[in-house]
Structures are given as C-alpha cells and as structure tokens.
Amino acid sequence: MTFAELWRELEPLGRDTGTGGYRRYSWTPADVACRAWFTRQAEKRGLDVETDNNGNLWAWWGPKTARAVVTGSHLDSVPDGGGFDGALGVVTALAAVDLLQEKTFDTERSVVLAVFTEEEGARFGVPCLGSRLLTGAVDPDAARALTDDAGTTLAEAMTAAGHNPGRLGARDDLLDGIGAVVELHVEQGRALAPMGAAVGLAEGIWPHGRWRLEFRGRADHAGTARLADRQDPMLAYARAVLAAREAAADHGSLATFGKVIAEPNGSNAVCSAVRAWLDARAPDEATLRRTVTLVRSAAERSCTRDGVTLSVRQESYTPLVRFDQGLRDRMAGVLAAAGVRAPVLPTGAGHDAGVLAARVPTAMLFVRNPTGISHSPAEHAELADCEAGVRALAAVIEDLAG
Ligand SMILES: [Zn+2]
C-alpha cells in the first residue's frame with residue numbers, strides 16, 4: 001500500500017468533525033480503534049503483533065533476534081491535535097515495511113514497529129507514560145492511580161479497554177533485545193522549510209516538565225462580596241500566567257499555561273479553586289529551573305496578598321536528551337548516499353525516543369512542517385515530504401537491520 005492509501009484509512013479515526021482536530025485519548029474508543037487499525041495493518045504484512053504489559057504495541061517482522069531495530073511512534077493525541085503528530089511515525093513505518101518487502105529485503109535483525117501508549121499525557125497527565133513505564137522511569141502503582149479529568153484511574157481505563165493493569169512495569173528483557181530505536185516525527189517547529197529540506201535528524205531534546213498548580217480560595221457572590229473580603233484564586237493564577245511569559249522571554253525558555261480548570265466555573269461567582277498546568281522547557285536544566293522558580297514565586301507573592309493557598313506538584317520531568325551521535329552519523333551517511341540532505345536540529349518537544357534514549361541507542365527523523373504549527377488541527381506535512389520520510393526511514397532500516 002502507498003503512504004497515501006494508509007493515511008486515508010487512519011485519517012477519520014478519532015477526528016472531531018466540528019473542529020477537524022483529533023481526540024485520540026488513550027484507552028478511549030478512538031484510541032482502541034487506532035490500535036485495532038494498526039494491528040490489522042501489521043498482521044496483513046506478516047508481522048507478529050503483541051501488546052506488552054504497559055499497553056505498548058510491538059509488531060515484529062522476522063524472527064526475534066538480538067539487537068532488534070525499532071521504529072514507530074504514538075497514535076494518541078492532545079485535545080484537538082493535528083493528524084500528523086505521532087501518526088506520521090506509525091504510518092511511515094508501515095509504508096517503509098511495504099517498500100522493503102517489495103524489494104524482498106531480508107531482515108538479518110528483527111525490525112519492530114512500535115506504538116507507544118499515552119505519549120501526550122493528554123488523558124492521565126504524564127507524557128510518554130508507556131515508554132516511561134517500559135524503562136522503569138515511572139512507578140507502576142503511581143501510574144495505576146493516575147486519574148483523568150473525570151476521575152477515572154488508568155487502571156480502570158485499561159481494564160475497560162480489556163487490558164490488565166496489574167502487570168505494569170519495567171521490561172529490561174525487552175529493552176535488552178533492542179539495538180537501535182529510530183522514531184520518525186512531524187517537525188514541530190519551522191526549521192526545515194527555510195533550509196529547503198524535506199527531512200531532518202534530531203540532535204537532542206530540551207529538558208522539559210509539567211507542573212500542576214492548585215490555587216485555593218473561597219467561592220463567593222460576584223455581585224455582593226466586597227473586593228477586600230474576597231479570596232479569589234483567579235488573581236494569583238492570572239499573575240502566574242503573566243510571570244510565565246515574562247520569565248520565558250527573559251531567559252530564552254518556553255513557559256505555557258495551556259490547561260486550566262476553574263471551580264465552580266460559574267459566571268457570577270468568585271472561584272473557589274483554579275487548577276492550572278505549567279509546561280516549561282529550556283535549552284538547559286538551570287534555565288528551566290530558574291523559569292519555573294520565577295513563575296512559582298510570582299504566584300506565591302500573589303497568593304499571600306489575596307488570601308489564597310497554592311500547592312505545586314511536578315507531574316513530569318525529562319532531563320536534557322542527547323540522541324546517540326554514532327547512530328545519527330550513520331543515518332546521515334545512509335541518507336547522504338541516497339542523495340538526501342538532512343540537517344540536524346534540536347527540539348523543544350518531548351518524544352518516546354527521548355525516554356528510550358536513556359536505555360538504547362536512539363535517533364529521530366523529522367519530516368518538514370511548512371508552517372511549524374503543531375498540537376493544532378492546522379498541523380501539516382505535504383504528501384511528497386511524507387513520502388520522502390518513508391524512503392528515508394526505509395533506507396535507514398535497510399542499513400541497520402540488513
Ligand atoms: Zn508526538
């Protein structure tokens with residue numbers, strides 16, 4: 001099958017017809033449909049598909065050998081996300097297998113197509129949850145108890161989707177069998193377009209994390225409560241938002257409040273509580289710490305003034321990731337031999353590859369995103385660039401697994 005044929009099949013799954021964005025939250029019917037689609041496609045190609053104890057999918061091509069070559073990405077999305085984030089890496093992997101099978105490539109080492117679960121952390125708050133469980137970076141009990149906005153735990157969600165959450169945890173045996181991981185991903189930024197390159201290679205990932213801030217005040221009547229008597233948590237939250245923007249601008253970092261829940265969320269009531277999530281990223285860890293500290297202290301100052309309490313919980317943290325230079329150089333050589341110029345780029349976006357890089361030689365390929373927009377229905381990659389991605393990935397797999 002061509003890339004375009006595969007893409008057309010996956011495209012409608014989990015898409016909101018109103019916004020055009022994707023709501024493929026892990027373990028929901030949309031996610032289950034995506035998983036089933038992937039499983040069918042992999043089995044059609046003669047791959048042996050299994051779900052590991054953490055809910056990640058592994059489709060094995062060829063007998064299980066040591067130093068397997070793993071490629072793939074994720075199929076879950078952020079709220080109203082674009083169609084390419086994650087899905088592009090999965091669909092190009094399937095299309096690359098087709099290219100290699102057409103030319104009757106014999107795998108010397110197993111090639112494994114992987115789909116990692118809850119990469120975005122959009123439902124349970126911890127990004128790259130599937131790969132973090134796999135590497136042991138997340139405690140299984142803590143993971144089982146994670147809740148979504150409706151109060152459903154991960155354990156309950158997995159059970160409802162027909163999976164046993166009782167066996168979550170690190171899989172050294174699986175990781176020990178992997179020789180290299182190559183994740184292809186849509187570019188989430190706009191570096192390749194000005195360079196005139198369809199594909200790029202990742203240098204590393206900025207350190208980044210997610211913090212949950214809970215401002216607690218007192219609900220009151222918007223028409224009768226005197227200003228002096230209010231304990232309005234919205235004020236401290238608003239100051240935290242402004243502080244995040246300032247701290248980021250002053251330090252060359254990024255700090256974003258993109259998710260907020262106000263309680264009781266009435267238009268004529270002072271809030272009793274505001275829960276908000278700070279996403280912060282920076283070129284180095286000291287700058288990241290400084291950025292978060294500035295936001296926190298601005299919020300604390302405002303809380304003291306306004307009679308509001310603040311609790312801050314770090315939900316996730318990923319240190320600076322440097323991808324394997326030897327693997328990257330080898331891939332650059334393969335691509336150059338195929339006439340492909342692939343610039344090397346840093347990125348502020350987290351990926352399962354970034355988590356796996358702590359355990360196995362890992363690299364990433366990016367496919368040009370003409371506007372750079374991501375985590376939005378406007379995210380895009382041209383068909384010709386996606387096809388260039390398929391050829392690049394096939395060439396790399398052929399080299400690594402041949
Ligand atoms: Zn992604």
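**Exercise 1.** In this predicted model, describe how helix α2 and helix α3 pack, giving the angle and the distance between their axes.

*Solution.* We begin by locating the two elements: α2 covers residues 29-44, while α3 covers residues 87-102. Next we take the two values that are needed, which are an angle of about 15° and a distance of 10 Å between the axes. Angles under 35 degrees count as roughly parallel, and therefore α2 is roughly parallel to α3.

**Exercise 2.** Find which residues of α2 and α3 meet, and sort the contact by residue class.

*Solution.* On the side of α2 we find W37, F38, Q41 and A42, and these meet V90, V91 and L94 of α3. Sorting the residues in this contact by class then gives 6 nonpolar residues and 1 polar residue, with no charged residues.

**Exercise 3.** Decide how the chain compares with a globular protein of its length, and describe its overall make-up.

*Solution.* We first note the elements of the chain, which has 13 helices and 15 strands. The radius of gyration is 22 Å, close to the 21 Å that the globule rule gives for 402 residues, so the chain is as compact as a globular protein of that length. Along its principal axes, the C-alpha trace spans about 75 × 45 × 40 Å. Turning to the interior, we find that buried residues make up 54% of the 402 residues. Finally, among contacts between residues at least 6 apart in sequence, 77% join residues at least 24 apart.

Methods:
Residues numbered from 1 in each chain as written. Predicted model: local features only at pLDDT ≥ 70, side-chain atom pairs only at ≥ 80, totals over all residues. Heavy atoms only, no water. Axes fitted to C-alpha atoms, helices over the stretch in contact; angles between N-to-C directions. Helix = DSSP H or I, 4+ residues; strand = E, 2+ residues; numbered from the N terminus. Parallel < 35°, antiparallel > 145°, perpendicular 65-115°, else oblique. Contact = heavy atoms within 4.5 Å. Nonpolar A, V, L, I, M, F, W, Y, C, P; charged D, E, K, R; others polar. Rg over C-alpha atoms; globule rule 2.2 N^0.38 Å. Buried < 20%, exposed > 50% of the residue type's maximum accessible area, 1.4 Å probe, protein only.
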